[in-house]
Structures are given as C-alpha cells and as structure tokens.
Amino acid sequence: MDDLKALIRDVPGFPEPGIIFKDVTPLLEDGEAFGRVIDTIVQSFTDAGVTHVAGIESRGFIFAAPVAKALGAGLVLIRKAGKLPRPTVAEPYALEYGTGTLEVHEDAVGAGDRVVVIDDVLATGGTLGAAIRLIQHLGAEVVGVQVLIELAFLDGRRHVDMPIETLVAYGAP
C-alpha cells in the first residue's frame, strides 16, 4: 500500500527530540484512503467471530471504532492511566522515549469474548504488548492484532507474542 505511505508525513522532533513522528492526519483527511484502510482491516477479520475491537489511545480509537461498527462488535477503549471512569486493570509498558501505564475497564471483556486489538503504530512493541496482556488478563481471547504503521527497524514484534497485520512498514529490523 505504497499510496498510503505517501499520505503519512514525517514530523521530526515530536513528541521528543530525536523522534520522527508518523503523522497520519493527511491519510485521515483523504476519505477514499481512510475508507480503504478500514475496509482492509474489516476484511481481515470478517470471519473471525470477533465480539469486540479494542483501540489503543488515542489514534487507535480512530481506526477501531469504524471497524467495530462494521463487524457488529463492541468497542473497547484501552487508555492511559487515570482516564477511565469505572474500576480498571492496569499494565505498565515501555515506549521508545519513556514509560507509561495502560488501563481498561475491568468488565470490558471476559471469558468467551474474541477481541481484535488495533493501534496506529507499532514501534518498540511496549504499548501493543501491554494492551494484549490487558485483554488476556480479563480472560478474553485476542484473535488478531492490526496496526496501520510498523516501524520495523525498531523490531517491536519481538515483544508481541502473536501475529501482527500491518498495512504500511518502514525499514527492516
């Protein structure tokens, strides 16, 4: 999907010096391209018996919500610590430029639920790995993982113990 790559802009020095941020807003502003991304993700999971789609804060929400609607599944929000109103479970993670904690409502999913986890970027794998562990901790099965962008040169896949589908990749590990 090289045409999608052309719609993703590099922003050097954001959010920290030395980081090159992948800005997906030009892709989102292109209705045809955004629609193709959603349709491609939906097609990957149409026959997977998905009950929930989990989006990781914050840009993962943008992709997870329309996928959940198209699959007739519930939407689960995986957020940074302190952002959810009901009781949560938490999981720490490492970023390429720091550390953090993700949370999900403790009753968001459970045994018998089949969940697809979606995020915008796979970098070092810390955030994605923490999100998967949260869903599994609640007793649900993660049936798929989808990211729009993979920064393959950071080798984040090594921290995620399951297959990951990616639409746009940069570099090799």
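This is a predicted model: local features need pLDDT of at least 70, side-chain atom pairs count only at pLDDT 80 or more; totals for chains, interfaces and linings use all residues.
Reader: Where is Glu57?

Author: Glu57 sits in the loop between strand 3 and helix 4.

Reader: Is Glu57 buried or exposed?

Author: Its relative accessibility is 16%, and buried means under 20%, so Glu57 counts as buried.

Reader: Which side chain does the side chain of Glu57 make a polar contact with?

Author: That of Arg79, at 2.8 Å. Leaving out residues up to four places away in sequence, Glu57 touches Ile78, Arg79, Lys80 and Lys83.

Reader: New topic. Why is helix 5 called largely enclosed?

Author: Because nine of its 12 residues are buried. Among them are Leu128, Ile132, Leu134 and Ile135.

Reader: What covers the buried residues of helix 5?

Author: The cover includes strand 3, strand 4, strand 5, strand 6, strand 7 and strand 8.

Reader: And what comes just after helix 5?

Author: Gly139, which takes a positive phi of about 95°.

Reader: Now helix 3. How many Å should it span?

Author: Helix 3 has 15 residues, so at 1.5 Å a residue it should span 21 Å. The C-alpha atoms at its ends are 22 Å apart, which agrees.

Reader: Which residue caps its N-terminal end?

Author: Asp30 does, with a side-chain oxygen 3.2 Å from the backbone nitrogen of Glu32.

Reader: Which residues of helix 3 are buried?

Author: Ala33, Val37, Ile38, Ile41, Val42 and Phe45 are buried. Helix 1, helix 2, helix 4 and strand 9 are among the elements that cover the buried residues of helix 3.

Methods
Residues are numbered from 1 along each chain as its sequence is written. Side-chain values use heavy atoms; hydrogens and water are left out. Helices (H or I, at least four residues) and strands (E, at least two) are DSSP runs, numbered from the N terminus. The expected span of a helix is 1.5 Å times one less than its number of residues. Buried means under 20% relative accessible area, exposed over 50%, partly exposed in between (1.4 Å probe, protein chains only). Contact means heavy atoms within 4.5 Å. A polar contact is a pair of N or O atoms within 3.5 Å; within protein, one must be able to donate a hydrogen and the other to accept it, and residues adjacent in sequence count only if both atoms are side-chain atoms.
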